[in-house]
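I opened this model to look up a few things and keep notes. My entries follow.

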Number of protein chains: 2
Amino acid sequence: MTAFSPNIRDMEFVLAELAGLDEVAALPGYEEASRELVHSVLEEAGRIAAEVLAPLNAVGDRQGAKLVDGKVALPEGWEGAFRTMVEGNWTGLPFPAEWGGMGLPGVVNVAVAEMWQAANMAFTLCPMLTQGAVHAILECASEEQKAVYLPKLVTGEWAGTMNLTESSAGSDLGAIRTKAVPQADGSYLISGQKIFITYGDHELAENIIHLVLARLPDAPPGVKGISLFIVPKFMVSADGTLGARNDVAAVSLEHKLGIHASPTCVMSFGDNGGATGFLVGQENRGLEYMFVMMNHARLNVGVQGLGIAERAYQQARAYARERVQGKPAGAAAVTPIVDHADVRRMLMTIKANVEAMRALAYVEAAELDKAHAEPDADKRAQSFRLAEFLNPVVKGWSTETGFDMASLGVQVHGGMGYVEETGAAQHLRDARITAIYEGTTAIQANDLVNRKILRDKGATAKLVLDELAALADELAAASDSRLKAIGTELAEGRRAAADAVEWILSAAPQDPRLPAAAAVPLLKLMGVVLGGYQMARAAKVARARLDAGEGDLDFFEAKLNTAWFYAEHVLPQAPAFLASITRGADAVMTVPADQL
Amino acid sequence: MTAFSPNIRDMEFVLAELAGLDEVAALPGYEEASRELVHSVLEEAGRIAAEVLAPLNAVGDRQGAKLVDGKVALPEGWEGAFRTMVEGNWTGLPFPAEWGGMGLPGVVNVAVAEMWQAANMAFTLCPMLTQGAVHAILECASEEQKAVYLPKLVTGEWAGTMNLTESSAGSDLGAIRTKAVPQADGSYLISGQKIFITYGDHELAENIIHLVLARLPDAPPGVKGISLFIVPKFMVSADGTLGARNDVAAVSLEHKLGIHASPTCVMSFGDNGGATGFLVGQENRGLEYMFVMMNHARLNVGVQGLGIAERAYQQARAYARERVQGKPAGAAAVTPIVDHADVRRMLMTIKANVEAMRALAYVEAAELDKAHAEPDADKRAQSFRLAEFLNPVVKGWSTETGFDMASLGVQVHGGMGYVEETGAAQHLRDARITAIYEGTTAIQANDLVNRKILRDKGATAKLVLDELAALADELAAASDSRLKAIGTELAEGRRAAADAVEWILSAAPQDPRLPAAAAVPLLKLMGVVLGGYQMARAAKVARARLDAGEGDLDFFEAKLNTAWFYAEHVLPQAPAFLASITRGADAVMTVPADQL
């Protein structure tokens, strides 16, 4: 395992030049988010990532989480890392000061999260889930509930969890069976079993606040009969003191491919009569409330894909710079393998994809900030619409790509990549979950097709692609040969994306299986093209800075070349996805299940 | 873990219709390989794969190989499986009867190997390495050496290993430092350390015959100063009885991402004065001898990619047929997820790639058989040339694809795929090594570009692509709409492949880094297109059988549809690779190493 050193240089470039940090900081409530303050925040978070979290990553992988005498034991160092997060109020970063948060924009939180996910994804899932619980309570719970639970959740002293999945209700939450029976005192008795509950139990926090989807006795079937409940591990009295242990427990942990240190629990509610729960909002609107926080949760998982890819990149780059093996083609002498053309191609592939994923994730986060804080209702709605469109793409594409990049990272190491001690394989194993949890890639793709494209008849997609077309045309006419190539490839990619959207719009009414069969290739196509758009925007800025001779010229030159690499090596995938969408959807269902 | 059931139906189709089994069986020495006999062999090997090897796969993964008191301990059941292999003379399948083998063609051995790799790759590495040692000794050793070592290696009673890699000599074998000092009795004293030695030591066989690359005291530097030695674990007297333990030992085992039950040893030669070795062939020609057996070894690793993909497919298909979750788009009721369009797309993607990989591997094996047994020297040379061309493609493309398919297999399972008990994750972990050992994908790609394309100025490539063009044209003119689509896509793929070859030929003289940067995308392009060619051939046969109403019509209908799926979903990648090759090679090297 090599050291991790956050790429704050590129993160700040993306924040300032692509995500529009200054614009976000101009919104009411975000005034503190000046470039200077954000710089300090990133530096401090980066230090913690590098010095506290990263060194524990391999330790956590080796030791894993264990269930010992009914308690979840976490690896050495987890306790200290948890304290560090609480002391720095890092969980509270994106939440209002009135609840004890830092009140900074979500886009800054995403940048910080990237570093922590890169440093130690298995650990970072804990504060990430707590932030998710805070979002849900902030947006859906009563003032009284907020007063009881938010203060200690926002500071990260208490942890939060999401209890959705059951053994027969994974992608299909309508099949949930956990029961909630109303009690005379207004509370509910919760009983049932939940699976795949991340950080479902542990001893790090003095209390754990479970958000649980369950069904009332008279609830209608399916997704319209699910309600959301708060189920604390320890009951909380009105003055905030902790009371009795609630009837909820982790009964087993999963043995997983990766993120070994993240306890994935089977949670049992009500083994001894029933767990006490408190309804959030109204009955039967639980799934709707979950969707309120879905954008944050999915964006965060997309950021895991980005973070792991950055970590895998640093690991592979360090090895390639040190390892000497053979004479590169055209070289006069034996030099480190970083000079071998194919090793360089692999490293550039990871670098280019990481930079594109970073830009797309930060842009979505900034749009979510605007959707939250922009005073103008139309602009707010517009930002929300854009963020909603980007959300499944960031989640689906960045996690699939993150895994592929972690695998390339292994490849750069040759045989050493297959040896666990090296550390490259852990990134591969950890990354694999990101395309599965919080909605598989197919779930993201169906969201993109059904809720983000078909629902508004492609209007948002058209808006996005038109903006992209304007830049592609501008760059294709540039005198710089690299900008020209970027513009040309981007225009090709845009055409493929636009054709795919047209096809989806015309195919859906004919046969609902056609868009479903085409959804994942469409999501990947969108990721490749929208990532390429962000790289093109970056290239344009870099060219301008180079022309002006301003700032870190080596960085801008590398940025321009990386964008060019992306255009020549990644964007050409777009027409392949288009072919698979428009010509291939019929071919998907023709072989009957019994002939598979 | 689900049961494994070899797909003998498709294997026999490929053998008979695509690899030309009848043609191979008509060659001198292979007369016994009638379809009937081959059927019996496949049935019996398949039974062993399903009943003996497959149930041990997860056991081996969990228990792993361990070094205990200087001895390599293997998982429960390994001993019995080893005995089964010896009793059936399975290691001897492709070797001459005069040495105790079955004398069957290599293409039959490859079909059998596919089942064993699918059933239990970690176990199968042992007989696979022994077969490699037999090839090397058969083709390069003296008659005396053959008489001493072959009988028990061919029957699989003794095991063989390949000792090439050292810590500073991986892809670059020219850097080998292990020493061989000539002794008065004609033997050599071998000393040095080898790493990544698969099945370097164990107690399954009564003796292990190590083939070791080492350097004589006066050897020229680099690859021209490497010699090949036989170093037995126990000395063997002329009458075949075993003598003293030689000075060679496994000093540690690697802790790896996968193939846990395959002991990957650090081997120390000469810790106590020197291991006794015997020169194979002439001094300083060791690397050349290794290349003699390289085609077999690399083909076998390509078959591992194929085998694991088939296993991952069966695992995912079984899960998809059982797991009920949500209502598929356009469906009237809740049905198993195999009816969800995206699950079907994933399964079809694996199925189509498996069938293409199978066909390409078997075709290469048949060409190797012809290169070995064909009486006509021109035909022999032609077959050898073709096999040599296909070799890096089968190794590189099938292993990269095999891993991607194992990952898709995980995805089909959703969250359960990430849980180790399910078994899907093991296939992913096991598959990851195949693109690394026996020459990484980049090494295969450089072999394809330098030795198989540039050396004959693209003549073989042109020959292959012309054959392909004829079929593409024929099918594009067919009345069946699926054949027509296959022909059209194949023609596009061929054009991309031909353009890529042209580009390589013209770029190489300009700058040697250009073909090196383009090599891996070129290898993948070739895999996709040559795999598509085999699927097109299969589709043509299937159409003819359907028209004639002959045989298993459901199978032929599924084959035609699978080939169509491949054409629409896999072949369109070809132009993307072309873009990355011709337009992207410049972009690879532009960012300086310190700006990565």
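I began with H16(B), which is mostly covered: 14 of its 17 residues are buried. Buried is under 20% relative accessible area, exposed is over 50%, and partly exposed is in between, with a 1.4 Å probe and protein chains only. I noted that this is a predicted model, where local features need pLDDT of at least 70, side-chain atom pairs count only at pLDDT 80 or more, and totals for chains, interfaces and linings use all residues. Residues are numbered from 1 along each chain as its sequence is written, chains are lettered from A and ligands numbered from 1 in the order written, and side-chain values use heavy atoms, without hydrogens and water.

I checked the length of H16 (residues 553-569) of chain B. At 1.5 Å a residue its 17 residues should span 24 Å, and the end C-alpha atoms are 24 Å apart, so the two agree. The expected span is 1.5 Å times one less than the number of residues. Helices (H or I, at least four residues) and strands (E, at least two) are DSSP runs, numbered from the N terminus.

**Asp480(B)**

I found Asp480(B) in the loop between helix H13 (459-476) and helix H14 (481-507) of chain B. Asp480(B) is buried, at 12% relative accessible area. Its side chain reaches the backbone nitrogen of Arg482(B) at 2.6 Å. Leaving out residues up to four places away in sequence, Asp480(B) touches Arg543(B) and Leu560(B). Contact means heavy atoms within 4.5 Å.

**Positive phi**

Most residues other than glycine have a negative phi. I looked up two residues with positive values. Glu438(B) has phi near 60°. Glu438(B) sits between helix H11 (424-431) and helix H12 (441-454) of chain B, in the loop, and is partly exposed at 30%. Lys457(B) has phi of about 55°. Lys457(B) is in the loop between H12 and H13 of chain B and is exposed at 69%.

**Two copies**

Which rotation superposes chain A on chain B? It is 180°, with 0.0 Å of shift along its axis and an RMSD of 0.0 Å. The copies are thus related as by a two-fold rotation axis. The superposition is by least squares on C-alpha atoms of residues with pLDDT of at least 70 in both.

Note on methods: A polar contact is a pair of N or O atoms within 3.5 Å; within protein, one must be able to donate a hydrogen and the other to accept it, and residues adjacent in sequence count only if both atoms are side-chain atoms.
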